[in-house]
Each structure stands twice: as C-alpha cells, then as structure tokens.
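Please keep the sequence and the structure in view while reading.

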Amino acid sequence: MTLLEIRIHGRGGQGAVTSTQVLAIAAFKDGKYSQAFPNFGVERTGAPVESYVRIDDKQINLRQHVYDPDYVIVLDSSLIDTVDVTKGLGKNGVIIVNTDKSPKELKKLSGFKVHAINITKIALEVIGKPFVNIASLGAFSSLSKQVSLKALDKAIDELFIARGKATAAELNKKAAKAVYEAAK
Amino acid sequence: MTKKVIEASHAIAIGARLCRPAVIPMYPITPQTHVVEQLAEFINNGEMDCAMLDVESEHSAASAVIGIVAAGSRAFTATSSQGLALMYEVLPIISGMRLPAVMAVANRALSAPISIWNDHSDAVSARDQGWIQLWVESSQEALDAVIQGYRISEDKDVFMPLMVCFDGFTLSHLFEPVDVPLQPAVDKFLPKFKPLYKLDVRKPMTFGPIGFPNSFMHFKKQQQEAMLNSISVIKKVNREFKKAFGRAYGDGLLDLYKMQGADYAVIGMGTLCGTARVAIDRLRKKGKRVGLIRVRSLRPFPEKELQSAVKNLKAAAVIDRHISLGQEGPLFTDVRNAIYCNDISINSYIAGLGGRDITVNHFEKVFNDLEKGKQRGEWLF
C-alpha cells in the first residue's frame with residue numbers, strides 16, 4: 001500500500017483526538033504501521049479541532065503536518081461552514097460527514113465523494129449520548145477497507161479499558177458496528 | 001517485549017519506570033505534562049515503587065534532584081521551555097557536583113511571543129551547563145534514550161547528568177508503535193545506582209562546598225574530562241543496548257542515513273530528521289546522491305565522528321531549530337568548527353521556530369540549493 005492520510009475534524013470535547021488514537025492502534029493491530037497526532041493547538045471546548053492519522057505498510061518517518069489527506073471525517077457538520085474541511089483533499093478523496101442532511105444538501109462539498117451518515121442518531125440509539133468520535137470509525141472501516149472492524153474493537157478495548165472505562169468500550173464498539181453497517 | 005501504539009510522552013514515562021528511580025520531583029508544563037501525568041498514574045496504580053515529589057516550581061524540582069542523588073538514590077524529572085529556564089540556576093550545580101541524573105526535556109520555544117510549540121531554543125541554550133544532551137527522533141528512541149541515559153550518566157568515568165531532548169508536540173503528543181522492553185532485561189542492562197560518595201550521617205561529608213580560585217579550575221577541568229570520556233561511553237552503551245534489545249542509533253553520537261556515496265547531506269537534530277529521511281528517499285529514487293547526518297549527541301559534540309561522516313561530501317546544510325541571536329544557528333557553529341579542515345561547502349538554514357512546520361518540500365529546496373552550488377543558507381518559512 002501507499003501511505004494513507006486521514007484528517008478528522010471535530011469540536012473541542014467531541015473526542016476527535018481520541019478517535020485518531022483508536023484508529024492508529026487499530027491499524028497497527030491489523031499489522032500495519034501507524035501514527036496519530038493532533039493539530040497542536042490550545043484545546044478549548046467547542047472550538048474547531050483537527051487530528052490526523054497516517055497508515056502504511058512500512059515504518060512511518062514523516063513528521064510534517066497532514067496537507068493532502070486521502071480521507072476526511074467531519075464529526076460535526078456545522079464545521080463545514082466555518083472550516084475548509086476539504087482543504088488538500090484530492091479528487092479521489094473521500095469525505096465522511098456526520099449529518100442528518102443528504103450529500104446533495106452539502107453544497108460546499110460538491111465535487112467530492114461525500115458519505116453523509118447520521119452518526120449522532122445512531123450514537124443516541126446505541127450509547128444514549130451523542131458520542132460520535134469512535135462510532136464514526138465504523139464508517140471509515142466500512143468505506144475504506146483499510147482497517148478491520150475486529151481491529152477497531154481491539155483498539156477500543158485497549159484504549160478505553162486502560163482508562164478504566166469498560167462500559168464505554170462496549171457501547172462504543174456497538175455504535176462503531178452500527179455505523180459500519182449503515183455506511184455499507 | 002511487547003509492541004504497542006503509544007504516545008511518546010507515555011514512552012518516556014515507561015522508560016523512567018523501567019529504570020526504577022527512587023524519587024521523581026515534578027512540576028508540570030506544556031508539552032511535558034503527559035509525562036508527569038503518566039508517571040503519577042503508574043505510582044498511583046502501584047506499578048512503580050517510587051515517591052512523587054510534588055514541588056512548587058521547576059527550580060525546586062531541579063534542586064530536589066540534588067538532594068535525591070546526593071543521598072545515593074536515582075532521580076528522574078522532566079520539563080520544557082520556561083521550566084528549563086527556571087531550572088537554569090541549578091543545572092550547573094547538579095553537573096558541578098557530579099550528580100548523575102536523567103531529565104527529559106519536551107523541547108518548546110522560549111517566550112516571547114508566548115509559544116507552546118516546538119523548537120530547540122530551550123535545551124540548546126543550556127548546552128554549556130555540563131549536561132550530556134541526547135536528541136531523539138522517535139517515540140522508541142525516546143524510551144530507549146532514558147534507559148541508555150542512566151547507564152551513561154552513572155558510568156564511573158562520566159558521573160554527569162543527562163538530558164533526553166524530544167520535540168514538544170511534534171513528538172511528545174504523537175502516537176506510534178513502540179517496543180516496550182521487559183523489566184528483567186532492563187534490570188540486567190542497568191545495574192542499581194552505586195554512588196561513589198553519598199550523604200550519610202554515619203560518615204558525614206560536604207557536597208558542593210566553595211571552590212576557591214586555587215581549586216575551581218581543577219573541578220572544571222575534571223568535568224571537561226568527564227564529558228570527553230562520555231563520548232566513548234555513549235558509543236559503548238549504544239553497542240551494548242543493541243546486544244540487549246536489538247536496537248541502536250547510529251554510533252550513539254551520530255546517526256547516518258544513506259550517506260554511502262552521498263555528495264550532499266543535511267545535518268540536524270530531532271524529528272525534522274524523520275521528514276528529511278522521506279525527502280532523501282524520494283530524491284534517491286530520482287538518482288540524487290543525498291543523505292542525512294542526525295546529530296544525536298549535542299554535548300559532548302562528536303567532532304571526529306562528524307569529520308569522518310562528511311569527508312566524501314561536496315556540500316552540506318545544517319538545519320537549526322534555534323537561532324543564537326546576533327550570531328547564527330548554534331548547531332551550524334558547532335558543525336563548521338568541527339569540519340574546519342574538511343574542504344566542503346556548508347550552508348546554514350534556520351527552520352521550524354515556535355512550531356513552524358518543517359516539510360519534505362523544505363528539504364528538497366535545501367538539497368537543490370546545495371546541488372546548484374548556492375553558498376548561503378536562509379530562513380525556511
């Protein structure tokens with residue numbers, strides 16, 4: 001494979017950084033090399049946040065920011081109006097948006113491969129709270145085939161159980177699977 | 001060994017845990033904070049038999065290191081930027097009293113303007129204070145350098161403190177795969193700390209007394225000898241680390257990449273070298289004869305090793321992530337001084353200050369400059 005770069009847009013408090021960490025752990029569990037890092041800002045609740053993942057089948061030495069992502073995940077569709085979420089995204093780039101709108105209604109994203117999924121709705125059904133960060137990775141797994149759902153489950157366990165959140169791990173795994181199915 | 005995707009700050013904390021320090025005096029500062037948090041977690045969970053000393057400032061953290069090591073125990077601490085600046089008064093006291101210790105520095109720009117982001121101004125500014133400085137490129141190396149660091153620092157021919165310098169945010173907040181050594185292997189590699197002298201009520205002794213003009217210079221000369229001794233100790237520890245854990249970082253002092261047959265090279269420290277490797281891979285595919293010299297040990301400075309590394313080059317460029325205001329990039333000064341007798345052209349570039357990204361494109365530009373025979377470097381924005 002060639003180097004794959006993923007950018008996740010969220011708002012401070014939504015867990016975009018945690019989701020990139022889970023994705024990097026999952027890719028590694030699938031036998032790949034991976035890297036995750038946030039856009040090094042001063043975190044404030046509600047402010048736009050970006051976090052990145054690199055996945056490759058060889059060791060990743062690159063330490064520069066992600067400029068040309070292959071995939072973009074937008075955890076909050078209101079960001080589309082304030083942040084250039086397609087910046088650097090090539091014509092084959094894929095964008096996954098958590099929204100209740102249809103791709104056609106997301107006019108700013110026209111010209112890109114847009115997958116509009118109501119991840120918030122699924123999270124509310126499965127978790128009972130609008131926690132979309134980990135759930136959104138289900139869509140990435142389903143659409144990209146670059147990381148398996150099984151590896152995602154293992155990564156969620158590893159990160160959440162280490163933080164003493166076993167119940168949250170179970171709920172997030174269920175939500176990721178539901179989003180995986182919805183994105184098919 | 002178990003391989004896991006973890007944050008470099010976590011890797012540093014694991015490295016410290018594996019070395020079994022008795023006391024950790026700590027004061028948190030961005031971007032070093034995750035190191036402190038992780039160590040506190042280890043101690044709280046009973047995974048580490050160690051006392052955390054919650055001090056009121058970095059000056060106190062460094063001062064506590066003096067007491068801990070003088071009493072015969074192993075100490076660890078970590079800081080960044082203004083925190084290191086606040087420790088400044090104590091840095092030469094620790095080294096002057098020949099107290100071995102390891103401190104991790106998550107490198108961050110010095111204010112003003114306020115910046116929480118990476119450059120090398122904090123630790124490079126402290127290079128003359130008798131601390132060995134190992135500059136690392138990856139999370140794996142960050143962990144490994146802590147373990148190597150105690151072996152080097154506590155070697156009887158050295159007995160000087162050591163800083164493990166790792167780029168703030170760019171590395172400290174980066175998750176990547178890390179091989180975590182097992183405790184028995186580290187215990188075998190790193191014996192218990194055996195101080196030559198220690199504070200003991202049964203055998204009272206004074207540490208750090210006044211050095212009158214008739215003795216002071218002798219102390220400094222001994223310190224210089226110890227620093228020069230550390231050159232071969234760093235190499236030896238790097239070799240033995242490879243035997244024990246299967247990993248080495250160049251010769252311990254310099255880490256060379258694709259220097260075989262290279263006409264042009266970039267010289268730098270820290271994570272920018274990872275990005276340089278990618279640029280070099282791309283240029284090599286186009287037939288360009290380019291390579292990298294990563295300076296791992298800034299103090300002691302590997303003069304002879306550098307002279308030998310550059311001997312077949314036509315030109316080299318030093319990338320400094322710091323500027324000695326009123327002079328030039330300090331790494332450039334050191335490199336030019338070391339290779340004064342080598343007949344090669346050398347340019348100085350200032351880059352990556354206060355978190356400014358250093359990219360593959362920057363390195364392609366630098367190599368292009370060298371190939372075209374450009375005689376002057378510049379600031380890379």
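In chain B, strand E5 (residues 102–107) and strand E7 (residues 162–167) run parallel and are joined by 6 bridges. Strands here are DSSP runs of E with at least two residues, helices are runs of H or I with at least four, and both are numbered from the N terminus. Met103(B) has Met163(B) as its bridge partner in E7(B). This is a predicted model, in which local features need pLDDT of at least 70 and side-chain atom pairs count only at pLDDT 80 or more, while totals for chains, interfaces and linings use all residues. Residues are numbered from 1 along each chain as its sequence is written, and chains are lettered from A and ligands numbered from 1 in the order in which they are written.

E5(B) and E7(B) belong to an open sheet of 5 strands in chain B, ordered E4-E5-E7-E6-E12, with mixed pairing; two strands pair if DSSP finds at least two bridges between them. At the edges are strand E4 (76–79) and strand E12 (297–299) of chain B, each pairing on one side only. On average, neighbouring strands of this sheet are turned by 25 degrees against each other, direction ignored.

Helix H7(B) lies across E5, strand E6 (132–135) and E7 of chain B and runs at about 165 degrees to E7(B). Axes are lines fitted to C-alpha atoms, for helices over the stretch in contact, and angles run from 0 to 180 degrees between N-to-C directions.

H7 (residues 139–153) of chain B also packs with helix H9 (residues 216–245) of chain B, at an angle of about 130 degrees and with the axes 10 Å apart. H7(B) and H9(B) are therefore oblique to each other, the class left over when angles under 35 degrees count as roughly parallel, over 145 as roughly antiparallel and 65 to 115 as roughly perpendicular. From H7(B), Asp144(B), Gln148(B), Arg151(B) and Ile152(B) meet residues of H9(B) including Ser230(B), Val233(B) and Phe241(B); contact requires C-beta atoms, placed from the backbone, within 7 Å.

How is chain B divided into domains? The assignment, which comes from an automatic or database source, gives domain 1 (2–245) and domain 2 (254–380). Their C-alpha centres lie 27 Å apart. The contact takes 24 residues from domain 1 of chain B and 20 residues from domain 2 of chain B. On the side of domain 1 of chain B that touches domain 2 of chain B, H9(B) gives the largest share, 5 residues.

Key:
Contact = placed C-beta atoms within 7 Å.
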